[in-house]
There are 2 protein chains.
Amino acid sequence: MIIVFSKGRIKSISTKDEGFKRNAIGVFDSGVGGLTVFREILKALPNEDCFYLGDTARLPYGTKSKETVTTFAVKNTEFLVSLGIKFLVVACNTAASAGLETIEEKFDIPTIGVVLPGAEKAVKVTKNGKVGVIGTRSTIMSGAYKAEIANIDPDVQVFQQPCPLFVPLAEEGWTENEVAHLVAEEYLAEFSAHGVDTLILGCTHYPLLKKAIQQAVGYDVQLIDSALPIAWEVKKRLEKMGIEREENERKYKFFVTDDPENFVRVGEPFLGHNIDDVEHVDIVV
Amino acid sequence: MIIVFSKGRIKSISTKDEGFKRNAIGVFDSGVGGLTVFREILKALPNEDCFYLGDTARLPYGTKSKETVTTFAVKNTEFLVSLGIKFLVVACNTAASAGLETIEEKFDIPTIGVVLPGAEKAVKVTKNGKVGVIGTRSTIMSGAYKAEIANIDPDVQVFQQPCPLFVPLAEEGWTENEVAHLVAEEYLAEFSAHGVDTLILGCTHYPLLKKAIQQAVGYDVQLIDSALPIAWEVKKRLEKMGIEREENERKYKFFVTDDPENFVRVGEPFLGHNIDDVEHVDIVV
């Protein structure tokens, strides 16, 4: 039995048998964006088996309601749990903002979402206590980052801006052209007026647009990408629970709810290398 | 009993009772785009009751595979048929390109998709026999417009271009700003090199970007918006089948699979007036 502390609540996780430790880490996202997180997890935890689920049939989540996104998040978790996982990473800001609590209530599996590590890092990094957050409309409307930051340090001021066009731009591969720069300027002009010194990239697609974003907000602003902080947080928690693997010829695998072909084409720039083993799963209707 | 000619096949539709004629016209789209079609249907057929279903929980369709889009299209049709409709309009180019045949096979309801009327109109309009088609990636990949045009007149040359960013631009309301013009120029530059004199707006979102598109392709190019041709085709077919209504205090209603609020906000510019009666339906998982 493992005791897990989750949002202040204590959960006991049955290890089932010795095999629990050998279970994989499960990661899901609405599509390819979470691959930026998956990449860091693969690097930070080289002995862990990992599964990635991209809910490509129902993406994007960022334009949809909390209820709908939560329904999708629960479905995704059910699937990953059915494969036998020991730890769940919600690698989608929208899903983490909308559905993390419901997932933690419904499933007895230690879980982390991308919001908390990004918020923690931003609070650590800011010097003037003014933090900007950009994300999908749904993430921004949820106020999840604002709430986490207020929890950590209520004196930090938070300025938010939804940037709905960044996701399609990243998926189109238009990350450094004139359009990307113009869109970034349109969305981000206000931040320098507010004087933020730290900007959270509150969507896993946004690191692909880093250059355009950095230029638009100015080079003095520190950009916070949650991928690395969350990977290290997963590592820390596995160690704390004593369920990290010491030696293992690591395997990892991708699952998608729509056709694998498009996922591979759009996803490889996010993962940073080839995507080989992708399986279509039918969990949508 | 009504005999329906559909894609050369003869179907007999049971009128059930005298009530069949009083059934509504059912229209579906992945989201708000089909409202440009719905608007023309409401105008052309002022005595008909109409239902509109926007599958907002699973939108967009344009980035997804034929199989997934067909599954969604069948689900949507099942729902509209369950309300009792006499005629189905697939007001989404992607769904019509991917799933029209399957719908016609599975359901005994006269059906029309947006592709055919647009293709017919373009062939009528072109003087030099060079027609451009723009649409979502999925619509363009399907080759549906190309096939329909070849069917009508094999001498017409067709040039295609997917424009994935037009949908998020239209939904963001960025239809006439610098970004819209720049994106339109990026996508449409090739068409003037090909010398097309007619351009099919093969996605129901695109009429909102008409100005930017027209400027990018030049004012000599005729833009074809399927909304009006399909509305008139529906009218013609109802008359032919003798199931049009002569007098009726017409009612219409909207259904969405995600939250109604966002649908109303984004949809009103597409419909051109207020959206009042919207109901959430749970047909997604």
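Between chain B and chain A, 14 residue pairs are in polar contact, both residues of each pair having pLDDT of 80 or more. On the side of chain B that touches chain A, at least two residues each come from α2 (66–83), α7 (166–172), α8 (178–194) and α11 (260–271) of chain B. Of these elements, α8(B) gives the most to that side, with 6 residues. The structure is a predicted model, and the description that follows applies to it in that sense.

The contact between the chains draws 32 residues from chain B and 32 residues from chain A. The size of an interface is often given as the accessible area lost when the parts come together. For chain B and chain A, about 2700 Å² is buried between them, and 62% of this area lies on carbon and sulfur atoms. The interface between chain B and chain A also contains 2 salt bridges. A salt bridge joins the side chains of A:E172 and B:R137, with an N to O distance of 2.8 Å.

Within chain A, two domains are assigned: domain 1 comprises 2–113 + 228–280, and domain 2 comprises 116–225. Taken over C-alpha atoms, the centres of domain 1 and domain 2 of chain A are separated by 23 Å. Contact between these domains involves 24 residues of domain 1 of chain A and 20 residues of domain 2 of chain A. Together, domain 1 and domain 2 of chain A bury about 1600 Å², 58% of it on carbon and sulfur atoms. Of the area that domain 1 of chain A buries against domain 2 of chain A, 33% is supplied by A:N93, A:P229 and A:F270, more than by any other three residues.

Across this interface between the domains of chain A, 0 salt bridges are found, while 9 residue pairs are in polar contact, both residues at pLDDT 80 or more. The side of domain 1 of chain A that touches domain 2 of chain A receives at least two residues from each of α1 (35–44), α3 (93–106), β6 (111–113), α10 (227–241) and α11 (260–271) of chain A. The most, 5 residues, is given by α10(A).

In soluble globular proteins, nonpolar side chains tend to be buried together. The largest nonpolar core of the model has 204 residues, of which A:V89, A:F166, B:V89 and B:F166 touch the most other members. Residues up to four places away in sequence aside, B:F166 touches B:I134, B:V183, B:A184, B:Y187, B:L188, B:Y206, B:L209 and B:I213.

How values were computed: Residues are numbered from 1 along each chain as its sequence is written. Chains are lettered from A and ligands numbered from 1 in the order in which they are written. This is a predicted model: local features need pLDDT of at least 70, side-chain atom pairs count only at pLDDT 80 or more; totals for chains, interfaces and linings use all residues. Side-chain values use heavy atoms; hydrogens and water are left out. A nonpolar core is a set of buried Ala, Val, Leu, Ile, Met, Phe, Trp, Tyr and Cys residues joined through side-chain atoms within 4.5 Å. Buried means under 20% relative accessible area, exposed over 50%, partly exposed in between (1.4 Å probe, protein chains only). Contact means heavy atoms within 4.5 Å. Domain bounds come from an automatic or database domain assignment. Buried area is the accessible area (1.4 Å probe) that two parts lose on being put together, summed over both. A salt bridge is a side-chain nitrogen of Lys or Arg within 4 Å of a carboxyl oxygen of Asp or Glu. A polar contact is a pair of N or O atoms within 3.5 Å; within protein, one must be able to donate a hydrogen and the other to accept it, and residues adjacent in sequence count only if both atoms are side-chain atoms. Helices (H or I, at least four residues) and strands (E, at least two) are DSSP runs, numbered from the N terminus.
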